[in-house]
Amino acid sequence: MSITAIFDPSDDAVTFSTAELASELIHLSSRLAAMEARWLSLLAEYDRREGWRADAQLSCVDWLVWRCGLSRRTAHEKLRVAHELQRRPAVREGFSAGALSYSKVRAITRITGAGDETDEWLLKLAESGTTADLERVARRYEQLAEQEHGIDDYLRRYDRRCVRASRTYDGMMVIEKVLPIEEGEEYLALLEAVDECSAEHSSTGRRRADAAMALARAGRASLDKPGHVDRYTVHVVADLDALVAKVGRAELIDNTPVAMETLRRLACDCGIVRHLVKGASKPLDIGTRTSVWTTAQRRAIQVRDGGHCRFPGCHRKTCDCHHLVHAADGGPTAVSNGCLLCPRHHTCLHEGGFTISGEANETLTFLRSDGTVVGRTGGHQAIAQEVPR
């Protein structure tokens, strides 16, 4: 079914009577629901096959955010509903027939573990009730289930803890914390304790915002200690002959063999201590710990890359600094030769067969092992001058 079969831009809605407009809206709403049901069915199968791995995405949610333009929260919800519909045929059939809206299906599927009888009752409620009615039933069902089953339901509720953030159009950000009631009370108590130290007279909301930022900054300051720049240190044990012939022994300090490409990935962004030996165990030299990237270089790369992974479709902020041309191949440890990659995509670039080309300060092109292009990304902000080491 083509889009034009549903929407004809030549239609002049002005010529419709009000009754005809209402009838057309209801009719198209039903057809949209049926198409949404079909889309969710395909999505569940795509995720089951893990088709998103072909684009080196970490999950189906990441793929939906990138390829389908969904927000992360919406992608999570769509995927949840898609899988829930696979085990609830009565709800799926009603949705596919256009008798249920997506909003009602989303509310119904929030009641997990429901049997056929429960679904039949929910479908009857959906015929005469609103989405709000179904959501109230879902919340009540969860409360009763937790009361009946105790600790197991509490742990499921605990797993729903999260922090969500969204930007507004007036330069503000909304941060939503979802916590169990006892953790929520503890958090408010902490805010009140910090708030007591402030003499500013303002609204409760503003005082709590100031207290929350004070807590966050205090926690961050405790992490900014000398020696904590690198997340890990790699101890490399290499044979003297291997350094000359470029073949031979390479392993970690616990005698674990290391593939050369894995060693190159680890060496991209970490502290390194080189242990030079000859023969079975005769130590010749133990080098001092060196950090590949300086703090100034790392900060410059983070500013240019927007603080997140440069791989197409990825916005993770816990990243390594990757050498476009590896130091072992003569590449400089310079801002123009480095970019941010999350650990998964850093692995894809080294052990996964993916490649990267282009200028770090401009546009980078990411390619699969067969040479097809995954996508291109540009720097968040150009770095006008190279940062000295």
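Predicted model: local features only at pLDDT ≥ 70, side-chain atom pairs only at ≥ 80, totals over all residues.

Residues are numbered from 1 along each chain as its sequence is written, and side-chain values use heavy atoms, with hydrogens and water left out.

**Exercise 1. The overall picture**

Task: Describe the secondary structure, burial and contacts of the chain.

Solution. Start with the secondary structure: the chain has 15 helices and twelve strands (DSSP runs numbered from the N terminus, H or I of at least four residues for helices, E of at least two for strands). Next, take burial: 32% of the 389 residues are buried (buried is under 20% relative accessible area, exposed over 50%, partly exposed in between, with a 1.4 Å probe and protein chains only). Finally, of the contacts between residues at least 6 apart in sequence, 55% join residues at least 24 apart (a contact has heavy atoms within 4.5 Å).

**Exercise 2. Aromatic pairs**

Task: How many aromatic pairs does a search of the whole structure find? Work through two of them.

Solution. The search gives three aromatic pairs (rings of Phe, Tyr and Trp, the last by its six-membered ring, with centres within 6.5 Å; planes under 30 degrees apart are stacked, over 60 edge-to-face, the rest tilted). Tyr46 and Trp63 make a tilted pair, with 4.6 Å between centres and 40° between planes. This pair joins helix α2 (residues 18–48), which holds Tyr46, to helix α3 (residues 60–67), which holds Trp63, across 17 residues. As for cover, Tyr46 is partly exposed at 26% relative accessibility, and Trp63 is buried at 16%.

Now take Phe311 and Phe354: their planes are at 65° and their centres 6.1 Å apart, so the pair is edge-to-face. Phe311 lies in the loop between α14 (295–304) and β8 (320–323), and Phe354 in the loop between α15 (343–350) and β10 (355–358), 43 residues apart. Both Phe311 and Phe354 are buried. Together with Phe366, Phe311 and Phe354 form one aromatic cluster.

**Exercise 3. Around Arg67**

Task: Which residues meet the side chain of Arg67 through a ring or a salt bridge?

Solution. The ring comes from Trp66: the charged end of Arg67 sits over it, 4.0 Å from its centre (NZ of Lys or CZ of Arg within 6 Å of the ring centre and within 35 degrees of the ring normal). The salt bridge is with Asp55, at 3.4 Å from N to O (a side-chain nitrogen of Lys or Arg within 4 Å of a carboxyl oxygen of Asp or Glu). Asp55 is in the loop between α2 and α3, and Arg67 is in helix α3, twelve residues apart. Asp55 is buried at 7% relative accessibility, whereas Arg67 is partly exposed at 41%.

**Exercise 4. A network of charges**

Solution. The structure holds 19 salt bridges. One of them joins Arg110 and Glu77, with 3.6 Å between the closest N and O atoms. Arg110 lies in the loop between α6 and α7 (116–128), and Glu77 in helix α4 (residues 72–86), 33 residues apart. Widening the view, Glu77, Arg80, Arg110 and Glu135 are linked in a network of salt bridges.

**Exercise 5. A covered helix**

Solution. The buried ones are Tyr102, Lys104, Val105, Ala107, Ile108 and Thr109. Tyr102 also has Lys78 over its face, at 4.1 Å from the ring centre.

**Exercise 6. Positive phi in a loop**

Task: What are the phi values of Glu50 and Ala56, and how much cover do these residues have?

Solution. Phi is near 55° for Glu50 and near 60° for Ala56, each a positive value in a residue other than glycine. Glu50 is in the loop between α2 and α3, and Ala56 lies in that loop too. Glu50 is partly exposed at 36% relative accessibility, while Ala56 is buried, with a relative accessible area of 2%.
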